[in-house]
Amino acid sequence: MNPVKRVVCATLQRVLGRFVEGAEQLREKLDLQVMDGTLTLRDLALKPSCLAPAPFAATGTVKTVFVRVPWAHLDTQPCRVEISTVLAMLRPAEPNAKAQA
């Protein structure tokens, strides 16, 4: 694996690991174009714990996270982060799940 991609993956795992299931496999979902200044993550499963308080069970996904870094114009243009198609489903927790928590 490219050393730059390795560092980016390690950073993403550390930052997103609280929110994303399977953060250790982010490299498989990552499209990194360093020279173009773009990073794209696709089809991320969200951890239930980041979506809902205790009396609910939750599932969720994020279709795409797109980041653009304008390397040539960092002093005049902003970095852009776009998150698209966030789906979340909450339902009452199973009675047994409450007892186990």
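In β3 (56-68), the bridge partner of L44 is V62. The model is predicted, with local features requiring pLDDT of at least 70 and side-chain atom pairs counting only at pLDDT 80 or more, while totals for chains, interfaces and linings use all residues. Residues are numbered from 1 along each chain as its sequence is written, and side-chain values use heavy atoms, leaving out hydrogens and water. Strands here are DSSP runs (E, at least two residues), as are helices (H or I, at least four), numbered from the N terminus.

Let me continue with the sheet. Eight bridges join β2 to β3, and these strands run antiparallel. Four bridges join β1 to β2, also antiparallel; strands count as paired if DSSP finds at least two bridges between them. The open sheet has four strands in the order β1-β2-β3-β4, with antiparallel pairing. Its edge strands are β1 and β4 (80-92), each pairing on one side only. From one strand to the next, the twist averages 10°, with axes being lines fitted to C-alpha atoms, for helices over the stretch in contact, and angles running from 0 to 180 degrees between N-to-C directions.

I turn now to β1 and β2. In their hairpin, four residues lie between the strands, and G37 takes a positive phi near 75°. D31 stands opposite T40 in β2.

Leaving aside neighbours within four places in sequence, L30 is in contact (heavy atoms within 4.5 Å) with K5, V8, C9, L12, L39, T40 and L41.

Next, the core. A nonpolar core is a set of buried Ala, Val, Leu, Ile, Met, Phe, Trp, Tyr and Cys residues joined through side-chain atoms within 4.5 Å. The largest has 16 residues, of which L12, L26, L30, L39, L41 and L44 touch the most other members. α1 (3-16), β1 (30-33), β2 (38-46) and β3 each supply at least two residues, and β2 gives the most, with four.

Finally, E82 lies in strand β4. Why does E82 count as partly exposed? Because its relative accessibility is 37%. E82 touches T64, V65 and F66, not counting residues up to four places away in sequence.

Key: Buried < 20%, exposed > 50% of the residue type's maximum accessible area, 1.4 Å probe, protein only.
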